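This report is meant for a reader meeting the structure for the first time.

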Amino acid sequence: MTVRNKRNIVFIAKSLDGYISDRNGGLDWLQSIPNPKNIDMGYSELMENIDAIIMGRVTFETVCNFDIDWPYSKPVYVLSKTLKSVKDAYKGKIELINGDLKSIINNLNNKGYKRLYIDGGRTIQSFLREDLIDELIITTIPVMLGGGSSLFSELPISLSFKHVETKIFLDQIVQSHYLRRK
């Protein structure tokens, strides 16, 4: 049996100008490049290689508003200071968490969840501020939104990453993979 490294992984798409949603919180721009074969750009591989998902409240609410069945087979932890309960439809599918990020990660690691997918703009920013991101997989869609929710924000220290690889999908979409240098 192979022991897998503990890792906090970001897998997210952004516009050329660095936004992860438009001014209205919309995500339609993610479909701006035709994808007739529905290439998932590494998402299935990511999901096979993670143990659990930590997402922010806004991302959770966005997913809940998609007109689809619950899309995750892995445990989902929703990080929120304000959400105190969830609709019955999501009970058993998510667990609400709050508190110190390092403690949250340690608790999840102790439960056997070593490889965590970190999702949601503010959540990613919080993890970066605490230097808790080990891996970034960022897919850039060739569109400029001109405003919206930024992927990155100011950090208390600079963080260095090593470029691992870049892939191009549909002759236009660029996905870059980075590992944290510590």
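## A buried aspartate

In what follows, helices of at least four residues and strands of at least two are DSSP runs, numbered from the N terminus. The model is a predicted one, and within it aspartate 119 belongs to strand S6, which covers residues 115–119.

Aspartate 119 is buried and yet has no salt bridge, since the nearest side chain of opposite charge, that of arginine 122, is 13 Å away, whereas a salt bridge needs a side-chain nitrogen of Lys or Arg within 4 Å of a carboxyl oxygen of Asp or Glu. When neighbours within four places in sequence are left aside, the residues in contact with aspartate 119 are Phe11, Ile12, Ile54, Met55, Gly56, Thr59 and Ile124.

## Aromatic rings

Six aromatic pairs are present in the structure. In one of them, the ring centres of phenylalanine 60 and tyrosine 90 are 5.5 Å apart and the ring planes stand at 80 degrees, so this pair counts as edge-to-face. The pair joins distant parts of the chain, 30 residues apart, with phenylalanine 60 in helix H2 (residues 57–64) and tyrosine 90 in the loop between strand S4 (76–79) and strand S5 (94–97).

Both phenylalanine 60 and tyrosine 90 are buried, and together with Trp70 and Tyr72 they form one aromatic cluster.

## An exposed lysine in a loop

The loop between S4 and S5 also holds lysine 84. Is lysine 84 buried or exposed? Its relative accessibility is 65%, and because exposed means over 50%, lysine 84 counts as exposed.

A polar atom of the lysine 84 side chain lies 3.0 Å from the backbone oxygen of lysine 81. The C-alpha atom of lysine 84 is also separated by 7.5 Å from that of leucine 96, although the two residues are twelve residues apart along the chain.

## Positive phi angles

Asparagine 38, in the loop between strand S2 (19–21) and helix H1 (43–48), has a phi near 50 degrees, which is a positive value in a residue other than glycine. With a relative accessibility of 63%, asparagine 38 counts as exposed.

A positive phi is found for aspartate 131 too, where the value is near 55 degrees and the residue is, again, other than glycine. Aspartate 131 is placed in the loop between helix H4 (121–129) and strand S7 (135–141).

Definitions and conventions. Residues are numbered from 1 along each chain as its sequence is written. This is a predicted model: local features need pLDDT of at least 70, side-chain atom pairs count only at pLDDT 80 or more; totals for chains, interfaces and linings use all residues. Side-chain values use heavy atoms; hydrogens and water are left out. Buried means under 20% relative accessible area, exposed over 50%, partly exposed in between (1.4 Å probe, protein chains only). Lys and Arg count as positive and Asp and Glu as negative; His and the chain ends are not counted. Contact means heavy atoms within 4.5 Å. Rings of Phe, Tyr and Trp (its six-membered ring) pair if their centres lie within 6.5 Å; planes under 30 degrees apart count as stacked, over 60 as edge-to-face and the rest as tilted. A polar contact is a pair of N or O atoms within 3.5 Å; within protein, one must be able to donate a hydrogen and the other to accept it, and residues adjacent in sequence count only if both atoms are side-chain atoms.
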